[in-house]
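Hi,

Here's the structure I promised to pass on.

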Amino acid sequence: MSAAAVPELKRISRVEAMRLGPGWSHSCHAMLYAANPGQLFGRIPMRFSMQMRFDGLLGFPGGFVDRRFWSLEDGLNRVLGLGLGCLRLTEADYLSSHLTEGPHRVVAHLYARQLTLEQLHAVEISAVHSRDHGLEVLGLVRVPLYTQKDRVGGFPNFLSNAFISTAKYQLLFALKVLNMMPEEKLAEALAAATEKQKKALEKLLPSSS
């Protein structure tokens with residue numbers, strides 16, 4: 001199976017992002033992860049545990065920030081308080097800013113913080129009791145950052161799901177720049193996910209004879 005290229009979006013600095021005019025919207029999202037020494041089935045290294053949010057699509061916790069009233073971090077923490085309830089991020093957790101593709105002018109900011117497994121679990125417990133749980137936010141899911149022997153189970157299967165906006169790109173970008181997964185492994189997983197989606201579509205829409 002040939003490896004698909006990991007997609008790219010235009011990256012800009014935080015300073016450049018802050019200089020963008022009022023025609024731009026800012027979205028801020030948080031990636032929470034923890035080192036995990038466990039093994040799946042006693043033989044597949046887990047390496048890391050990571051959370052994403054489900055609200056019909058997969059994405060990171062967070063949302064849009066109105067720059068007229070909030071700094072990026074204050075706006076992000078306000079949204080996190082509605083969906084997670086127990087976490088505050090700072091500028092030190094800032095990871096990247098990217099310009100999104102499409103008709104809307106949006107700059108997507110990503111923050112990342114490494115926690116302990118115990119802290120990650122505490123966030124999950126707190127999220128169940130947050131204001132938006134069961135309404136806009138339908139729960140947190142953990143990202144399987146491993147690939148099983150069939151080269152589809154685990155991360156490739158996860159990538160074949162539907163993601164919101166730039167979330168899939170941000171996931172791949174963060175895994176690469178934080179050295180959580182080699183780029184060639186990311187490309188292999190993406191290729192396997194793309195092939196799975198292609199086969200599923202062919203079953204739903206068989207070619208006419």
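I call a residue buried when its relative accessible area is under 20%, exposed when over 50%, and partly exposed in between (1.4 Å probe, protein chains only). Bear in mind that this is a predicted model: local features need pLDDT of at least 70, side-chain atom pairs count only at pLDDT 80 or more, and totals for chains, interfaces and linings use all residues. Numbering starts from 1 along each chain as its sequence is written, and side-chain values use heavy atoms, with hydrogens and water left out.

Let's start with Ser130, which sits in the loop between helix H3 (117-128) and strand E8 (140-142); helices (H or I, at least four residues) and strands (E, at least two) are DSSP runs, numbered from the N terminus. Is Ser130 buried or exposed? Buried, because its relative accessible area is 10%. Its side chain reaches the backbone oxygen of Leu82 at 3.4 Å, and a polar atom of that side chain lies 3.0 Å from the backbone oxygen of Gly83. Leaving aside neighbours within four places in sequence, Ser130 is in contact (heavy atoms within 4.5 Å) with Gly81, Leu82, Gly83, Leu84 and Gly85.

Now the nonpolar cores, meaning sets of buried Ala, Val, Leu, Ile, Met, Phe, Trp, Tyr and Cys residues joined through side-chain atoms within 4.5 Å. The largest has 30 residues, and those touching the most other members are Met31, Met50, Leu145, Phe155, Leu159, Leu171 and Leu175. Helix H5 gives the most to this core, with seven residues. A second, separate core has 16 residues, including Leu32, Leu72, Leu115 and Ala127.

Cheers

Technical notes. Polar contact = N/O pair within 3.5 Å; in protein donor to acceptor, adjacent residues only side chain to side chain.
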